[in-house]
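User: I'm new to this one. Could you take me through it, one question at a time?

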Amino acid sequence: MTEPDVAVVVVAAGAGTRLSADVNKVFLPLLGVPVVAWSVRTALGLPDVRRVVVVHRADEREAMAEALAPYLGDREVTLLPGGETRHDSEWQAFRVLAEDVDADAVRVIAVHDAARPLADVDLFEGTFAAAREHGGAIPVVTLDHLVRRDGSPVEAPSLAGVQTPQAFRAAELLAAYGQAERDGFTGTDTASCVERYSGLRIAAVPSTPANLKVTFPEDLDLAAGLVSSAG
């Protein structure tokens, strides 16, 4: 069996202002388990995963530690305060992983939104495998039933939505973000920075709408229903 060589960065430092709650949405319960714990627990259970880094809001380290502690078992995660933007938060996490990347202990880095609690084992492993083969990988889902503001349908079967986890060869990912820092570039997501500053091919990994992002209060109910229906 090969040694685990993947690091998963779980980003949980967003503002989440659209979900009207008194606490960060990643701490809200989904079937009794904090939203953030779902993806962390999944990542820790994958045999390829060597390290998990959770990026949190600067003032929520204690809350994050308390939320995750019951679900770690004998594993550990690295807690890291995020930056002003998602890009900054990712770059801080990558720098924490740089020593392992330089030592060839981490060859693939995956970035995942904590607000997508239902990303499953197959999706994570599919992006890892595609990143190893092609250089980068992003989950995509076909966008159906799109309409314009006037209500007319959009005939665009080739449109797809991009999700997370997004995975990339680690050395090239760090090099891309290093060049982005020197240029003052901020990407909209991980793939946008890699695409701009590396020659890596970014493969599309098929996903489904079930890998939803918890944005509005009703999304929690929908996610709970999906889990229940899947058994």
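This is a predicted model: local features need pLDDT of at least 70, side-chain atom pairs count only at pLDDT 80 or more; totals for chains, interfaces and linings use all residues.

User: Is Arg41 buried, exposed or partly exposed?

Analyst: Buried means under 20% relative accessible area, exposed means over 50%, and partly exposed is in between (1.4 Å probe, protein chains only). Arg41 comes out at 35% relative accessibility, so it counts as partly exposed.

User: Over which ring does the charged end of Arg41 sit?

Analyst: A charge sits over a ring if NZ of Lys or CZ of Arg is within 6 Å of the ring centre and within 35 degrees of the ring normal. For Arg41, the charged end is 5.1 Å from the centre of the ring it covers, and that ring belongs to Trp38.

User: Leaving aside neighbours within four places in sequence, which residues is Arg41 in contact with?

Analyst: Contact here means heavy atoms within 4.5 Å. Tyr71 is 30 residues away from Arg41 along the chain, yet their C-alpha atoms are separated by 6.4 Å. Once those sequence neighbours are set aside, the contacts of Arg41 are Val33 and Tyr71.

**Cores**

User: How many residues does the largest nonpolar core have?

Analyst: A nonpolar core is a set of buried Ala, Val, Leu, Ile, Met, Phe, Trp, Tyr and Cys residues joined through side-chain atoms within 4.5 Å. In the largest one, Val8 and Leu68 have the most contacts inside it, and the core has 45 residues.

User: Which element gives the largest share of this core?

Analyst: Elements that give two or more residues to the core include β1, α2 (61-68) and α7 (217-230). The largest share is seven residues, and it comes from α1.

User: How many residues of strand β7 are buried?

Analyst: Strand β7 covers residues 135-142 and is mostly covered. Of its eight residues, the number buried is seven.

User: Which strand pairs with β7 in the parallel sense?

Analyst: Two strands pair if DSSP finds at least two bridges between them. β7 runs antiparallel to β9 (residues 166-169), with two bridges, and antiparallel to β8 (residues 160-162), with three. The parallel pairing has six bridges, and the partner is β10.

User: Which residue of β10 stands opposite Ile138?

Analyst: Elsewhere, Gly136 is bridged to Phe168 in β9, and Thr142 is bridged to Ala160 in β8. Over in β10, the residue opposite Ile138 is Ala204.

**Aromatic rings**

User: What is the angle between the planes of Phe94 and Tyr177?

Analyst: Rings of Phe, Tyr and Trp (its six-membered ring) pair if their centres lie within 6.5 Å; planes under 30 degrees apart count as stacked, over 60 as edge-to-face and the rest as tilted. By that rule there are four aromatic pairs. Phe94 and Tyr177 make an edge-to-face one at 4.8 Å centre to centre, with a plane angle of 85°.

User: How many residues apart are Phe94 and Tyr177?

Analyst: Phe94 is in helix α3 (residues 86-102) and Tyr177 is in helix α5 (residues 170-183). Phe94 counts as buried because its relative accessibility is 0%, and Tyr177 is buried with a relative accessible area of 0% too. Their pair links distant parts of the chain, with a separation of 83 residues.

**Two Asp residues**

User: Which residue's side chain makes a polar contact with that of Asp5?

Analyst: A polar contact is a pair of N or O atoms within 3.5 Å; within protein, one must be able to donate a hydrogen and the other to accept it, and residues adjacent in sequence count only if both atoms are side-chain atoms. Asp5 sits in the segment before β1 (6-12), and its 8% relative accessibility is why it counts as buried. The polar contact of its side chain is 2.5 Å, made with Arg132.

User: What is the relative accessibility of Asp113?

Analyst: Asp113 is in strand β6. Not counting residues up to four places away in sequence, it touches Val11, Arg86, Thr164 and Lys213. Asp113 counts as buried because its relative accessibility is 8%.

Notes. Residues are numbered from 1 along each chain as its sequence is written. Side-chain values use heavy atoms; hydrogens and water are left out. Helices (H or I, at least four residues) and strands (E, at least two) are DSSP runs, numbered from the N terminus.
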